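Please read it alongside the sequence.

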Amino acid sequence: MLETIVNFMNDLLWGKLLVYGLVGAGLFFTVRLGFIQIAHFTHGLKILAISRRPGRHGLSSFQVFCTSMAARVGAGNMAGVAVAIGMAGPGAVFWMWAIAVLGMATAMIESTLAQVYKVKDSDGQYRGGPSYYMEKGLGQRWMGILFSILLIICFGLVFNAVQANTITGAMTAVFGFEPVYVGIAIALFSGVVIMGGLKKVAKVSEVIVPIMAVAYIAIALVVVLMNIEQLPAVFTLVIKSAFGWQEAAGGAVAYSIAQAMQAGIARGLFSNEAGMGSAANIAASASPNPNHPASQGYMQMMGVFFDTIVICTATAAIILLSGDAAGSGDGIEMTINALSSHVGDWGGAFIAFAILLFCFTSIIANYSYAETNVMFLSGNKKGALPLFRLAVLGMVMFGAIAKINIVWNLADVSMGLMALVNMIALLLLSGLAVRVINDYRQQVKAGEEPVFDTDKFPELADQLEDGIWKNKPVESDK
């Protein structure tokens, strides 16, 4: 019964609503921002380079970037890519790329809004995200409550079950460990970190994320160089499969394209989270450098690029260059088998270790997103957090021993509903977001370090929390 309902919701959300909605919104934001993901790509890299500057309030931009990447880079990048290729063929990779490029503009919009409408909690930590801009920007607290509930279910519970499921699958396939013992270990280590709250999560992510990302990209590059002569053929296969050209003779073109689009966009969104509203929760926690909301928008825009265009492509290359386009194995097993075919048995151990780090950091970062929304529902009071942390660890344990299909399908439904609610808010607030971003760009063009002058946006006078933004920087974050 549950599986039937979940499958129906997935067909409705991903077969009709979100595939067109995400692409349409991404195109709309891309055009309104003047193709910012291309025109200002190098500026995004520059903002990333200076992001280690510590801030007096909240987390540094680099800590926030690493935490958002910890949530993004996980099961979706390794198991999710394999699932998409296994379901819909190599063409799904193209649609992952497409939704990532469009999603860069969407991430710019949502993270800028998160910064504009952020608040301070009782400990002086910045909090914000879709729930806050729905309440303050749209005046619709009920919408913020709905989004918070969906995010808590999705990231705090279901997604963490997915990450634990992927870790268990890797450890069982490579080392033969019993799932229940793997689950206990994950829950214990996750508990140690999340009990320390948002700052503890950020500090752990800041250390682990850069190391694991560079190591994984390096091994993928080695695989590409080992098979460099096959690269043009693999790229051609991806394009042909994406548009159904190789199925043309069999008359299955429309079905093939639809299947590739659905799998690629769903798995791409799961991986980079653009438009889902999740990364916006941690984006609000930054002390931005420069002191302007749009600077954090640039950071999250670059996060989408590195997550999907770089890391997901690395996984796709490992799988497709193995010569088994249909893939062998289930989820993460496909990636393990593919890398092992390139480098030998140690490839499986490498993937198992990589997935352990990727998914562990995703668990703790997912928790941080959910924590912000628990705080929103409780009026920024922390009384509910201990019970919620136990529920998160319980779902980690559940995911470790659950069947992979039902866990992934539940993840698709929950993130689809989240994205639907968030995209409505983004479209309604996009006018303000575009003006804020253009204000930043005009200051950069004039050779100034951007500062957010709220006097330029009189409609915000009654919407912002006192003392968060002023027409001059509150403190120097340098």
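Does Phe-28 count as buried, exposed or partly exposed? Phe-28 has 35% relative accessibility, so it counts as partly exposed; buried means under 20% relative accessible area, exposed over 50%, and partly exposed in between (1.4 Å probe, protein chains only).

The model is predicted: local features need pLDDT of at least 70 and side-chain atom pairs count only at pLDDT 80 or more, while totals for chains, interfaces and linings use all residues. Residues are numbered from 1 along each chain as its sequence is written, and side-chain values use heavy atoms, with hydrogens and water left out.

**Overall fold**
- The secondary structure of the chain comes to 18 helices and four strands, where helices (H or I, at least four residues) and strands (E, at least two) are DSSP runs numbered from the N terminus.
- Of the 478 residues of the chain, 59% count as buried.
- Contact means heavy atoms within 4.5 Å; of the contacts in the chain with a separation of 6 or more, 83% are between residues 24 or more positions apart.

**Nonpolar core**
- A nonpolar core is a set of buried Ala, Val, Leu, Ile, Met, Phe, Trp, Tyr and Cys residues joined through side-chain atoms within 4.5 Å.
- The largest nonpolar core has 158 residues, of which Trp-14, Ile-109, Leu-113, Tyr-117 and Tyr-216 touch the most other members.
- Helix α16 (residues 346–377) gives the most to this core, with 17 residues.
- Leaving aside residues up to four places away in sequence, Trp-14 touches Val-19, Leu-22, Gln-262, Ile-265, Ala-266, Leu-269, Asp-412, Met-415 and Gly-416.

**Helix α14**
- Helix α14 (residues 293–320) has 28 residues, which at 1.5 Å a residue should span 40 Å, and its end C-alpha atoms are 40 Å apart, in agreement; the expected span is 1.5 Å times one less than the number of residues.
- A kink of about 30° in α14 is centred on Thr-313, the bend at a residue being the angle between axes fitted to the seven residues ending there and the seven starting there.
- The rest of the structure largely encloses α14, because 24 of its 28 residues are buried.

**Aromatic pairs**
- The structure holds 16 aromatic pairs; rings of Phe, Tyr and Trp (its six-membered ring) pair if their centres lie within 6.5 Å, and planes under 30 degrees apart count as stacked, over 60 as edge-to-face and the rest as tilted.
- The rings of Phe-28 and Phe-29 have centres 5.7 Å apart and planes at 55°, so the pair is tilted.
- Phe-29 is buried, with a relative accessible area of 0%.
- Tyr-216 and Phe-358 form an edge-to-face pair, 5.4 Å centre to centre with 85° between the planes.
- Because Tyr-216 lies in helix α10 (residues 197–226) and Phe-358 in helix α16, this pair ties together parts that are 142 residues apart in sequence.
- Tyr-216 is buried at 1% relative accessibility, and Phe-358 is buried at 0%.
- Phe-41, Phe-305 and Phe-306 form one aromatic cluster.

**Cysteines and Ser-414**
- The count of disulfides is zero, a disulfide being a pair of cysteine sulfur atoms within 2.5 Å.
- Cys-154 is buried at 0% relative accessibility, and Cys-359 is buried at 0% relative accessibility.
- Ser-414 is placed in helix α18 (residues 404–445) and is buried, with a relative accessible area of 8%.
- Not counting residues up to four places away in sequence, Ser-414 touches Cys-154, Val-158 and Phe-159.
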